[in-house]
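Take a walk through this fold, one element at a time. Keep the viewer open and follow along.

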Amino acid sequence: MSKSPDPAARLPPLNALRAFEAAGRLGSFVAAAQELHVTHPAIGRHVRLLEERVGQALLERHARGVQLTPEGRRYHAQVSEALAVLAAATDELCERQQPAWLRLVVTPGLATRWLQPRLAQFRQQHPTLRVSVEPQPWLTHCPADADLALMYGDPGDFSGTAEVLLRPAIFPVCSPACLAQHGAPQRTADWLSWPLLHEDEGEWWSDWLRRSGLKRRLHSEVAYGSAETVLQLALQGQGACLSNALLVESDLAQGKLVRPVAEAHTLQAYVLLQRPTGLSPAAQAFKAWLQEALASSASASLTP
């Protein structure tokens with residue numbers, strides 16, 4: 001039983017096909033040579049070789065360039081399509097070999113103080129992933145160009161797929177020097193004589209004081225807009241701010257910050273926002289790691 005001829009053996013040389021495709025598309029041996037980075041005579045030789053292989057003229061030569069013959073036009077369309085398929089397959093293969101990007105949008109305080117110091121742990125488990133972290137104070141939904149967004153706020157403020165990850169206890173912190181200057185508040189009303197650092201227009205401190213029994217609507221003179229900013233000011237001794245253990249655990253342990261009172265209240269939540277199109281494998285891996293890491297941090301913060 002005879003074997004079927006090898007299809008590859010019937011194929012013209014790839015360089016001849018590329019030269020013919022470029023010359024037919026550009027209408028010029030010179031332009032084809034420039035595009036393929038070869039000499040003008042080389043293009044001519046490749047096209048002649050192809051014409052000899054198929055047994056007919058594919059291009060008509062003119063003083064100002066070349067033009068496809070009727071048979072050449074039909075063949076050119078098929079060759080162009082075949083080369084495009086090869087190029088697309090090659091691009092796809094190369095993309096699969098490249099490390100995937102995981103794009104995260106994260107509220108600045110958590111990004112700087114909790115997530116970034118732990119990213120090495122995640123990448124040890126997923127070394128083929130490259131991670132981009134974009135700090136963003138506030139979003140109501142996950143951007144289309146991000147895999148996940150991690151925000152802090154009331155769960156009802158967010159749209160789309162939003163999952164509550166953690167409701168941390170919130171408490172005031174300040175520098176030791178600030179505490180020494182103002183003294184620990186003995187009553188909730190004593191906070192009104194303190195320099196209070198606000199992320200917003202006063203709502204957050206007002207809510208915290210209300211839960212401590214003081215109904216007073218505060219109005220901030222400066223709204224700093226992010227947890228990281230008010231924490232830096234607190235470290236400088238400029239006043240007290242509200243925070244949680246995820247953000248200040250290290251500063252408390254090192255004595256850079258102190259808690260003037262032990263009182264703490266649960267206010268809002270860290271919420272994970274997902275794209276409507278669902279989670280990529282990289283996003284699924286990060287979500288699983290994030291849930292475990294947050295749970296571990298929360299558990300550690302409760303340990304005496």
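Is Leu-58 buried or exposed? Leu-58 counts as buried, because its relative accessibility is 2% and the cut-off for burial is under 20%. The model is a predicted one. Leu-58 sits in the loop between helix 3 and strand 1 (59-62). Set aside the residues up to four places away in sequence, and Leu-58 still touches Phe-20, Leu-50, Glu-51, Gln-67, Leu-68, Thr-69, Gly-72 and Tyr-75. Take Tyr-75 from that list. Leu-58 and Tyr-75 are 17 residues apart along the chain, and 8.1 Å separates their C-alpha atoms.

Now go to the helices. Two packed helices are described by the angle between their axes and the distance between the axes. Helix 1 covers residues 14-26 and helix 2 covers residues 29-36. They pack at an angle of about 125 degrees, and their axes are 8 Å apart. That angle makes helix 1 oblique to helix 2. The crossing of this pair is right-handed. Helix 1 brings Arg-18, Ala-19, Ala-22, Ala-23, Arg-25 and Leu-26 to the contact. Helix 2 answers with Phe-29, Ala-31, Ala-32, Glu-35 and Leu-36. By class, eight of the residues in this contact are nonpolar, three are charged and none is polar.

Helix 2 also packs with helix 3, at an angle of about 105 degrees and with the axes 8 Å apart. Helix 2 and helix 3 are therefore roughly perpendicular to each other. On the helix 2 side, the contact is made by Phe-29, Val-30, Ala-32, Ala-33 and Leu-36. On the helix 3 side, it is made by His-40, Ile-43, Gly-44 and Val-47. Seven residues of the contact of helix 2 with helix 3 are nonpolar, two are polar and none is charged.

What lies in the loop between helix 2 and helix 3 (40-54)? His-37 has its place there. Most residues other than glycine have a negative phi. His-37 is not a glycine, yet its phi is positive, at about 60 degrees. His-37 counts as exposed because its relative accessibility is 72%, and the threshold is over 50%.

Next come the sheets. Strands of a sheet pair through backbone hydrogen bonds, either parallel or antiparallel. Strand 6 and strand 10 (residues 269-274) run antiparallel and are joined by five bridges. Glu-163 stands opposite Leu-272 of strand 10.

Another open sheet has three strands in the order 8-7-9, and its pairing is antiparallel. Strand 8 (241-243) and strand 9 (265-266) are the edge strands, each pairing on one side only. Strand 7 (residues 169-173) and strand 9 pair over two antiparallel bridges. The bridge partner of Ile-170 in strand 9 is His-265.

Which helices lie across these strands? Helix 8 (residues 203-211) lies across strand 7, strand 8 and strand 9, and runs at about 105 degrees to strand 7. Helix 9 (residues 227-235) lies across strand 7 and strand 8, and runs at about 120 degrees to strand 8.

Stay with helix 9. Ala-227, Glu-228, Val-230, Leu-231, Leu-233 and Ala-234 are buried in helix 9. The buried residues of helix 9 pack against helix 5, strand 7, strand 8 and helix 10 (245-253). Helix 9 is followed by Gly-237, whose phi is positive, near 85 degrees.

End at Ser-243, which has its place in strand 8. Ser-243 is buried, with a relative accessible area of 2%. Leave aside its neighbours within four places in sequence, and Ser-243 is in contact with Ala-169, Ile-170, Phe-171, Val-173, Leu-231 and Val-248.

Terms used. Residues are numbered from 1 along each chain as its sequence is written. This is a predicted model: local features need pLDDT of at least 70, side-chain atom pairs count only at pLDDT 80 or more; totals for chains, interfaces and linings use all residues. Side-chain values use heavy atoms; hydrogens and water are left out. Axes are lines fitted to C-alpha atoms, for helices over the stretch in contact, and angles run from 0 to 180 degrees between N-to-C directions. Helices (H or I, at least four residues) and strands (E, at least two) are DSSP runs, numbered from the N terminus. Angles under 35 degrees count as roughly parallel, over 145 as roughly antiparallel, 65 to 115 as roughly perpendicular and the rest as oblique. A crossing is left-handed if the near helix is turned anticlockwise from the far one by less than a right angle, and right-handed if clockwise. Contact means heavy atoms within 4.5 Å. Ala, Val, Leu, Ile, Met, Phe, Trp, Tyr, Cys and Pro count as nonpolar, Asp, Glu, Lys and Arg as charged, and the others, Gly among them, as polar. Two strands pair if DSSP finds at least two bridges between them. Buried means under 20% relative accessible area, exposed over 50%, partly exposed in between (1.4 Å probe, protein chains only).
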